[in-house]
Structures are given as C-alpha cells and as structure tokens.
Amino acid sequence: MDELLGAVKNYLDITYEDDQTDEKLKGIIERGKAYLDDVAGEKQDYEKEEAPRMLLLDYCRYARDSALELFEENFGADLRSLRMEAQVKDYAKRKGYI
C-alpha cells in the first residue's frame, strides 16, 4: 500500500506529509481498487504501469476532487476495455490457450 500511496500522492502533486491526508487517500485507493476489480470481474494488478493503475490514479483524482460521478462518464471506454480484456483472458484460460 505504501508504494501505491506514494504513486497516488505523486500523481496528485501532494508534496506535504499529513497523516489525515494519507488515511483519506488510503480509503480512496481501497474503494477505487474494489470498484475497478468489480468492473473488470477479477482482481487487477495495480503495481504495473498498465491500464488498471492508470484508471486507479484517475479514480483517486476524481474522488479527491469530489467529482466521482463524472469518472464513469469520462472513462467509460477505458472501463469497458478493462472488462473486455479480463473476459478475453478468462476465455483463453478456460480454453487452455494460456
């Protein structure tokens, strides 16, 4: 969580140390991960510099700015892509391709 918290703080340009801010961001990160995992239909890897991490960083930005209701509207195509990729991987696993 510490690495991810650091990445979120960097993305949001938070350069100061504040325990309350850190706790708030940790909650946002956990809710964002749960939301994106639910959208994808499976747990995502947020450590790699790939789509799930990018979406999580933007989710945190929208949540911190009290604009979360716009997240799905603005990132709908990316969320659908995340879901389709997970479905393709699941299909390939079931068929024995990977």
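Reader: Which hand does the crossing of α2 and α3 have?

Author: The crossing of α2 and α3 is right-handed, where a crossing is right-handed if the near helix is turned clockwise from the far one by less than a right angle, and left-handed if anticlockwise. This is a predicted model, in which local features need pLDDT of at least 70 and side-chain atom pairs count only at pLDDT 80 or more, while totals for chains, interfaces and linings use all residues. Residues are numbered from 1 along each chain as its sequence is written, and side-chain values use heavy atoms, with hydrogens and water left out.

Reader: And at what angle do the axes of α2 and α3 cross?

Author: Helix α2 (residues 19-40) and helix α3 (residues 51-64) have axes that cross at roughly 130° and come within 9 Å. Axes are lines fitted to C-alpha atoms, for helices over the stretch in contact, and angles run from 0 to 180 degrees between N-to-C directions; helices are DSSP runs (H or I, at least four residues), numbered from the N terminus. The two helices are therefore oblique to each other, since angles under 35 degrees count as roughly parallel, over 145 as roughly antiparallel, 65 to 115 as roughly perpendicular and the rest as oblique.

Reader: Switching to charges, how many salt bridges are there?

Author: The structure holds 11 salt bridges, each being a side-chain nitrogen of Lys or Arg within 4 Å of a carboxyl oxygen of Asp or Glu. One of them pairs Arg53 with Glu49, with the closest N and O atoms 3.1 Å apart.

Reader: Is Arg53 buried or exposed?

Author: Arg53 is buried, at 3% relative accessible area, whereas Glu49 is exposed at 68%; buried means under 20% relative accessible area, exposed over 50%, and partly exposed in between (1.4 Å probe, protein chains only). Through shared partners, salt bridges join Glu3, Glu49 and Arg53 into one network.

Reader: What about Lys9 and Glu17?

Author: Their side chains also meet in a salt bridge, at 3.6 Å from N to O. Lys9 is buried with a relative accessible area of 8%, while Glu17 is exposed with 69%.

Reader: Last topic: which residues form the nonpolar patch on the surface?

Author: Tyr91, Tyr97 and Ile98 form that patch, with about 400 Å² of accessible area together. Patches are made of residues with over 30% relative accessible area and no salt bridge, like charges being joined within 9 Å and nonpolar side chains (Val, Leu, Ile, Met, Phe, Trp, Tyr) within 5 Å; accessible areas come from the Shrake-Rupley method with a 1.4 Å probe, and for residues only the protein chains shown count as cover. Ile98 lies in the segment after α4 (71-95).
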